[in-house]
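Colleague: I would like a close look at a single part of this model, and at how that part relates to its surroundings.

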Amino acid sequence: MAPPQHESTPAAPHAASTAPLDRAAQRELHARLLAGDTNATSELAHTFLHWLSERLARRFRRADPHLLDSIAIDCVLRLCEQPARYDPARGSLDHYLLMDAEGDVRNALNSQARRAARVVSLETVELRTPAGNIQQGADEPEDENLARLVAEVAGSDPRERAVLELMLDGERRTRPYVEVLGLHGLPPDEQRREVKRWKDRLKKRLRRLRRELLHDE
Amino acid sequence: MSDALLRWAAGRAARRDAFLASVLLPFAWAEQLDDEALAARLGCPVQDLPKLLLCRRPRTDPAGFWEDIQRIAAAHAISPDRLAEVVRLAESVLALQRGSARGARGWLAAARDRPPEPSDTDEP
């Protein structure tokens, strides 16, 4: 069984000089967020997003950088929408963002590790052969094998499941993926890029699953 | 600063009502405007677009709308009139797309240049 992909390094002592803003500036920015200042959300993202992404990459060195960036974005946007979630009396803004993001990363990586652990129990599901056909398991009908494959690779995320099912059906058009991912609000080129990101992530898991299964034979 | 990361954040913000991106990006997609075309409409450099899109969506009351538009415009060195025009148009297009012609008139009325006086009537 492959070890979990993430490696959590001990938390380095937090120094104010490493944060993008000093405490006073952070408090001022947070106050502006609370007041509904139209530019404060943009400034928060511009100031903290890259820093948060780098901190997560340093702390979770073997995690998928795409996953880490996605979580960093979610945490920053969430704080923009709900600034009252952060209490300045409990610590600095950068520390809050980092803790929030790290929690999401650990949850995501733990889910991946649980899925990888279940792969060992798959004995009758085979992946696509180079000829492009899914072989039936010895004792189970094809539909059940496919359902198990989807469950192991995509987990509980309904969007990942939907994307993987489209991929397994051989769907090559972008539109169906846009539909299941809810990307209607994006321009076409951004839609294609986002769809590619989702598909690449799942392809990576499929290749890993295939290596694990072949290794166990 | 990684432009790609900020651009991705702006794209994700398109699905969240709190952000200006939730108005301007669906509009750009409906009008088939890429980033450069949208930036040209707004009168801002294309590299400034992600930061602009991540601003908070302007309030809907006339006085609040103009105050927010002016703040955003000042911070990004763009014309407030131009920004207001594009945002109004975007809101109207989106409201019509949602099948609410009454909603589109409401947005246009809310974004007038001055607060309504008692003698004013809604646009037809």
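In which helix of chain B is R7(B) found, and what does R7(B) contact?

Modeller: This is a predicted model, in which local features need pLDDT of at least 70, side-chain atom pairs count only at pLDDT 80 or more, and totals for chains, interfaces and linings use all residues. Residues are numbered from 1 along each chain as its sequence is written, chains are lettered from A and ligands numbered from 1 in the order in which they are written, and side-chain values use heavy atoms, with hydrogens and water left out.

R7(B) lies in helix α1 of chain B, residues 3-13 (helices are DSSP runs of H or I, at least four residues, numbered from the N terminus). Because its relative accessibility is 10%, R7(B) counts as buried (under 20% relative accessible area, with a 1.4 Å probe and protein chains only). Its side chain makes a polar contact of 2.7 Å with the side chain of D35(B) (a pair of N or O atoms within 3.5 Å, where within protein one must be able to donate a hydrogen and the other to accept it, and residues adjacent in sequence count only if both atoms are side-chain atoms). Leaving aside neighbours within four places in sequence, R7(B) is in contact with P187(A), E190(A), L25(B), D35(B) and P50(B) (heavy atoms within 4.5 Å).

Turning to the two chains, 28 residues from chain B and 33 residues from chain A take part in the contact. Between chain B and chain A there are 13 residue pairs in polar contact, both at pLDDT 80 or more. On the side of chain B that touches chain A, α1(B) gives the most, with eight residues.

Definitions and conventions. Helix = DSSP H or I, 4+ residues; strand = E, 2+ residues; numbered from the N terminus. Buried < 20%, exposed > 50% of the residue type's maximum accessible area, 1.4 Å probe, protein only.
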